[in-house]
Amino acid sequence: MSPRICVLIPAYNRADLIGRAIGSVLASDYPDLRVIVSDNGSTDGCLAAARSAAGGDPRFEFIAHHENRGPLPNWRSCLEAAKGDLVHWLWSDDWVEPAFYTTLVEGMEAQGAQMALCRPKIVSASEGWERISACSKGPRHEARTLLTAAVRRNALPVSPAAYLLPLEAVLRNFCDDIPTIGDLDCTRRAIGSDLLMILVSLRASQAVYVHGEPLVSFNAHEASISVTSGARLLEGHYAWAKAWWCRRMGLPRFWSLKDVRRLWRGGHRRAGLWALRGGL
């Protein structure tokens, strides 16, 4: 029996883009999908656009917040409504290939894995370029090995949109309480909790299936978080989130040394000192 996949699409003011995300899920041939769209008080008709794109498909459920609650509470709304075995986060400005779900599930079953990922493609339509992110090679990996690689070397995609994750692990360990330190505010900017969903899943799994071809596309448009935040701000927030999580989980402190250097280099000295010594 195929695992049930719950696709989570949190959205805010993406009326012009969410139709493509939903359409890509509708094009899938996977037999057991449930989709939850949670609108965070959009003012541009995003919820109506999402309903229209879904076309009354009974697999879709819609959550409507009357005001913007912030991104992480909206993510949590999706999670709390989720049911099934696996979860896929599909950001409202991204899209998947029709074979995304079937290919990853078949690979998981063949390799005895509890989670899966593929190489993402990053697309900038306005600037006319695209690139495919690097990823670990080979179909089967020990989860502990990939966890080490993700923390110590940033060797995996940081967005859960490239993954099928075990729902129970994500729901039980969702991190929306990363402390703010200096100008590193992971909660307000929604940078860091996405990566930690991957890390908690790796920690809860034994094996991971890695598909070497791109089956998901990230839209690097001018309003996306990754573009508006800038590389240095992203680096600092992800470094802080990882260092904080490693300390919280009691993982080896030397795993975070590169992140300490990233924090120090970015001027986040208090965060770097905490990662080394502890104590906020």
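Which residues make a nonpolar surface patch of about 250 Å²? The patch is made by F254, L257 and L276. This is a predicted model. F254 is found in the loop between α10 (231-249) and α11 (257-265). Its relative accessible area is 43%, so F254 counts as partly exposed.

S256 counts as buried, because its relative accessibility is 4%, and buried means under 20%. Leaving aside residues up to four places away in sequence, S256 touches A243 and C246. S256 and R153 are 103 residues apart along the chain. Their C-alpha atoms are separated by 9.5 Å.

Now step back to the whole chain. The protein chain has twelve helices and ten strands. Its radius of gyration is 18 Å, close to the 19 Å that the globule rule gives for 280 residues, so the chain is as compact as a globular protein of that length. The C-alpha trace spans about 55 × 45 × 40 Å along its principal axes. Of the 280 residues, 56% count as buried. The accessible surface comes to about 12100 Å². Carbon and sulfur atoms account for 50% of that surface.

Take the contacts between residues at least 6 apart in sequence. Of these, 81% join residues at least 24 apart.

Salt bridges give specific cases. The structure holds 14 of them. One joins the side chains of R14 and D93, at 3.7 Å from N to O. R14 lies in the loop between β1 and α1, and D93 lies in the loop between β4 (86-89) and β5 (95-96), so the pair ties together parts that are 79 residues apart in sequence. Both R14 and D93 are buried.

A second salt bridge pairs the side chains of R34 and E61, at 2.3 Å from N to O. This pair also links distant parts of the chain. R34 sits in strand β2 (residues 33-40) and E61 in strand β3 (residues 60-65), 27 residues apart. The two partners differ in cover. R34 is buried, with a relative accessible area of 14%. E61 counts as partly exposed, at 28% relative accessibility.

R140 and E142 form another salt bridge. Their closest N and O atoms are 2.7 Å apart. R140 is partly exposed at 39% relative accessibility. E142 is partly exposed too, with a relative accessible area of 42%. Elsewhere, three residues join in a network of salt bridges: R76, E80 and D176.

Turn next to helix α4, residues 100-111. This helix has twelve residues. From its first C-alpha to its last it reaches 17 Å, close to the 16 Å expected at 1.5 Å a residue. Which residues in α4 are buried? They are F100, Y101, T102, T103, L104, V105, G107 and M108. In an α-helix there are 3.6 residues a turn, so residues three or four places apart point the same way. After α4 comes G112, whose phi is positive, near 65°.

N13 has a positive phi of about 50°. N13 lies in the loop between β1 (5-11) and α1 (18-26), and R14 lies in the loop between β1 and α1 as well. N13 is partly exposed, with a relative accessible area of 23%, whereas R14 is buried.

The other case is N154, which has a positive phi of about 50° although it is not a glycine. N154 is found in the loop between α5 (143-153) and β9 (163-166). Its relative accessible area is 38%, so N154 counts as partly exposed.

Key: Residues numbered from 1 in each chain as written. Predicted model: local features only at pLDDT ≥ 70, side-chain atom pairs only at ≥ 80, totals over all residues. Heavy atoms only, no water. Patch = residues over 30% accessible without salt bridge, like charges linked within 9 Å, V, L, I, M, F, W, Y side chains within 5 Å. Areas by Shrake-Rupley, 256 points an atom, 1.4 Å probe, with all protein chains shown as cover. Salt bridge = Lys/Arg side-chain N within 4 Å of Asp/Glu carboxyl O. Helix = DSSP H or I, 4+ residues; strand = E, 2+ residues; numbered from the N terminus. Buried < 20%, exposed > 50% of the residue type's maximum accessible area, 1.4 Å probe, protein only. Expected span 1.5 Å × (residues − 1). Rg over C-alpha atoms; globule rule 2.2 N^0.38 Å. Contact = heavy atoms within 4.5 Å.
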